[in-house]
Amino acid sequence: MSLAASAPVASTKQTVADIPRPCVKFPPSIWGDAFLQYDSQSLEVDDNMKQQMQMQMQNEEVKKMFLSSSNNNILQKLNFIDSLQRLGVSYHFQHEIDKSLKQIHNTFTNDNSIEEESCLHCLALLFRLLRQGGYHISSEIFNKFKNNQGNFNEKVAKDVQGMWNLFEAAQLRGHGEDILDEALDFTYIHLKSLINQLSPSLAAQVSHCLSKPLHKEIPRLKARRYMPFYEDDPSHSKALLNFAKLDFNLQQKLHQKEVCNITMWWKRSDFGTKVPYARNRVVEAYFWPLAMSYEPEYSVARTIVGKLVGCISLLDDTYDAYGTVEELEVFTQAIQRWDISFIQSLPECMKVVFSAIVELWDEIELVTAEGGKSSIVLNCIKEAFSDLAKAYFVEAKWCHEGYIPTYDEYKVNGAVSSTCPLQIVAFLLLGKFSTQEVIDWILSYPKIIKAVSVIGRFEDDLSSHKFEQQRVHVASAVECCMKQYEISQEEASKLIRKDIEDLWKVINEECLESNHIPRPVLECILNLGRVTEFTYDNFMDKYTNAELLKVHVVDPISIEQHD
């Protein structure tokens, strides 16, 4: 299990010490005090200022390169934009990128010869970048690469670069786009068969994209992974590479300070002693808001939500690995009332969890007041947290009663217990886009938030199903699916996988249709879906089993400056 689930066992009227508790052996934290070394006082201020000056100069150099790239050569412009995005520095040039994509879209819309004369690589790249930017572009442009029988022709099968880009473009498909479904199957089969014939560098990139396409990859991890491949490309820009590496280093220092802040909060609270049944997952908790956005302007949101996810983890383990259903009923009611006096009869550790949550509200209230935000932000976050506690308790009762809900019933509650709605509300409302329009949109529970949340619940369940069945635990999506459709576990897993793919289509459609919402807001929500996919990839839980996450946190890419 990880950030989401809940399932206590029944209790009897005994003293707290005598009540039998669920037995869960979570691995201990692997980080220790490693991140305390990044306390702000220990950083070299002069060196940091020097790097900031270098960044400013190189930023101007890269901007000149981008603006001077030929407007008459659409492929050149597209490749530059693609490199900026993959290297994780596009946020520095978002205005210029938006302007260029608008021009490219207008040119493409008004000039049919571009579509007719463009190669597969160019069209697929154009299609992907425009859709990522929120532009409607028909997937029918790929019909020119089909034969008279309606299948992709053999020339496509021999064009590795073109197939690779078509595979990536097809990830942005919506419902009813049969040609992209076909393209996805066609390119996957042919690229997989050609991997052994490619150069080691190209083979590594293609192999990775088949398992984790760009559209589903966490931007921060994508940048770190892509840099060495970009450096190996003979046509790469040294100025752009230097800029990307320097930016990566500077942002990494900021992220380390943020983790240090959260680590100190956890140690001061002494949760390891006071809430011994709970997992210590400070770094893992921070990884989620970091994935939502790594940009400097979201520093406060990352730090607060990192602590919030830590509190969610405490809450999760209280419902799942400690509380009885009677205790949890009182605990849930106390959260609805935000009144600690309501739980005076409960174990001390549950009071500690409650107090930690209330103290976090005080911090959020202070931060929002300093940022000039209204009290509605705190109230929205508290309400979302209350909804999460209620969802956890619903699952607690299901477990206590041995009840297996229908698949459809489970999805409704599971979307909330995935913790995604709460994380989205908190992160976005603590960011710069917490306008009334955005707040109203988020609170309307739009399809994109619902889709990301259900994906989060399903991915978690698929990764933890086997482990959870070793003890008394609430039925997972797998069991609920098996019951509703009277199918085997294997068939249920396949059906859930198909539902996840359908939900990604919903996300893609909503990113195109929600033009009234700032793109960064949609991107943060999309990134939450990406971190979910990453955390539970290949039936593994990187939140609970941090050894699986370690290489992505501790071993960054070598960031050495070019001369």
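Hi everyone. A quick definition to start: a pocket here is an open set of grid points where a 1.4 Å probe fits, with protein on both sides within 12 Å along at least five of seven lines. Keep in mind, please, that this is a predicted model.

With that in hand, let's look at the largest pocket, which has a volume of about 980 Å³. Its lining takes in 40 residues, and those nearest the centre are Q85, S90, Q94, R519 and E523. Which elements give two or more residues to that lining? They are α2 (74–86), α3 (94–110), α5 (120–132), α10 (219–232), α23 (489–513) and α24 (519–535). The biggest share comes from α24, with eight residues.

Now, on to a pair of helices. Two packed helices are described by the angle between their axes and the distance between those axes. For helix α14, residues 299–321, and helix α15, residues 325–337, the axes come within 11 Å and cross at roughly 150°. Angles over 145 degrees count as roughly antiparallel, and α14 and α15 are therefore roughly antiparallel to each other. Their crossing is left-handed.

And which residues make the contact? From α14 we have L315, T318 and Y319, and from α15 we have L328, F331, T332 and I335. Sorted by class, the contact of α14 with α15 has five nonpolar residues, two polar ones and no charged ones.

That's my tour for today.

Methods
Residues are numbered from 1 along each chain as its sequence is written. This is a predicted model: local features need pLDDT of at least 70, side-chain atom pairs count only at pLDDT 80 or more; totals for chains, interfaces and linings use all residues. Side-chain values use heavy atoms; hydrogens and water are left out. Axes are lines fitted to C-alpha atoms, for helices over the stretch in contact, and angles run from 0 to 180 degrees between N-to-C directions. Helices (H or I, at least four residues) and strands (E, at least two) are DSSP runs, numbered from the N terminus. Angles under 35 degrees count as roughly parallel, over 145 as roughly antiparallel, 65 to 115 as roughly perpendicular and the rest as oblique. A crossing is left-handed if the near helix is turned anticlockwise from the far one by less than a right angle, and right-handed if clockwise. Contact means heavy atoms within 4.5 Å. Ala, Val, Leu, Ile, Met, Phe, Trp, Tyr, Cys and Pro count as nonpolar, Asp, Glu, Lys and Arg as charged, and the others, Gly among them, as polar. On a 1 Å grid over the protein atoms alone, a cavity is a set of points where a 1.4 Å probe fits but cannot get out, and a pocket is an open set with protein on both sides within 12 Å along at least five of seven lines; lining residues have an atom within 4 Å of a point. Grid points are joined across faces, edges and corners, and a volume is the space filled by probe spheres set on the points.
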